[in-house]
Amino acid sequence: QQWRFVVEETQGQVQYVYAEEFAELVSEKSDGALEIDVYEFGALGSEVDQVEQLTDGIVEFAIISPGFTGTLVPEGNIFALQFLFTDDQEVNQDILNESEAINEHLAARYEEQGIMPLSFWTEGAMQWTGNSELRTPDDFQGFQMRTQESPLILESYRAYGASPTAMSWGELYTGLQQGAVDGQENPIFFIADANFNEVQDHMTISNHNMYVTMTTVNPDFYNGLDDATRDIIDEATEEMRQRGFDIQEEQNEEFLAQIEDDDENPTEIYELSEDERDAFRELAIPVRDIYRDEEGGEEGEMILDMLEEEIADMSGEDPT
Ligand code: 6CS
């Protein structure tokens, strides 16, 4: 067997390292009978093209970030909501692993659209970069923010007063360099590895959201497998939960030091205080109503209500 696994990142980056290790596990467990080729970002098109390749069965496996399924699976916009999860990424990963709202109800919406999520996982807390300083909602007035395709990510930045534009990350370096956009959000490893710090003067440690992605399979492919093969894939998925977490943690730490020490491309790093974060939180919370009332539909409302409770239970905090 020779299967295809496409990811949204390039060699060495978190998703790519994850997929390579996943492929290795599947190969080992099947004594070399099951082979998976990993395709890095760019080989098969844009992130949105890759979603279509999975649903069409052109690739069997894909890592898909919900930010690129915003119109196909509106309920998936839930991960666009800022300040929803906790500030502790380990707790957040536990919630992603165990949440019924996510793993049953949200996963079912994905499956209906030809995307079967095997696991939801974080690539770390996201930070803002800009060609100007971003400390207060005022700093976002008229700010051209690049986002992924999810309508609710755009709404979230409109709530801050920004003018967001969706684009593929394949165009983002040039977009920042030429001033088509003023800034963007991503985990630190990605900001550094994609060299965005070369074309951005400021980075704000905002921890406004975590980056969520999904390991997915084409449902017809998966359902057509024999039990033993399916078990191998399920086992590999389980083993990669902790590995995925560790890979991102390591890279996010390592790359922060790289941005700090890059004298050729100096970046002003500013960490928001809790009060400063609260100013953004206040503007972000009403976006949940847009999810409840419009974007996520009735099913979405139920999913968000359930997830808020799960987060409160698992973090020991009151829902905000
Ligand atoms: O900003 C983006 O669109 C990209 N960011 C990450 C962390 N992974 C892939 C994604 O396309």
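Reader: Leaving aside neighbours within four places in sequence, what is L152 in contact with?
Author: G70, N77, A80, L81, V287, I290, Y291 and E295. Contact means C-beta atoms, placed from the backbone, within 7 Å. This is a predicted model: local features need pLDDT of at least 70, side-chain atom pairs count only at pLDDT 80 or more, and totals for chains, interfaces and linings use all residues. Residues are numbered from 1 along each chain as its sequence is written.

Reader: Is L152 buried or exposed?
Author: Buried, because L152 has 25 C-beta neighbours inside 10 Å. The cut-offs are 20 or more other C-beta atoms within 10 Å for buried, 12 or fewer for exposed, and partly exposed in between.

Reader: Which helix holds L152?
Author: Helix α5, residues 151–159. Helices are DSSP runs of H or I, at least four residues, numbered from the N terminus.

Reader: New topic. At what angle do α1 and α9 pack?
Author: About 150°, with the axes 9 Å apart. Axes are lines fitted to C-alpha atoms over the stretch in contact, and angles run from 0 to 180 degrees between N-to-C directions. So α1 is roughly antiparallel to α9; that term covers angles over 145 degrees.

Reader: And the ligand: which residues are around it?
Author: E8, E9, E47, S65, E123, Q148, W169, N186, P187, F190 and Y211.

Terms used. Helices (H or I, at least four residues) and strands (E, at least two) are DSSP runs, numbered from the N terminus. Angles under 35 degrees count as roughly parallel, over 145 as roughly antiparallel, 65 to 115 as roughly perpendicular and the rest as oblique. A residue is near a molecule or strand if its C-beta atom, placed from the backbone, lies within 6 Å of it. Two residues are in contact if their C-beta atoms, placed from the backbone, lie within 7 Å.
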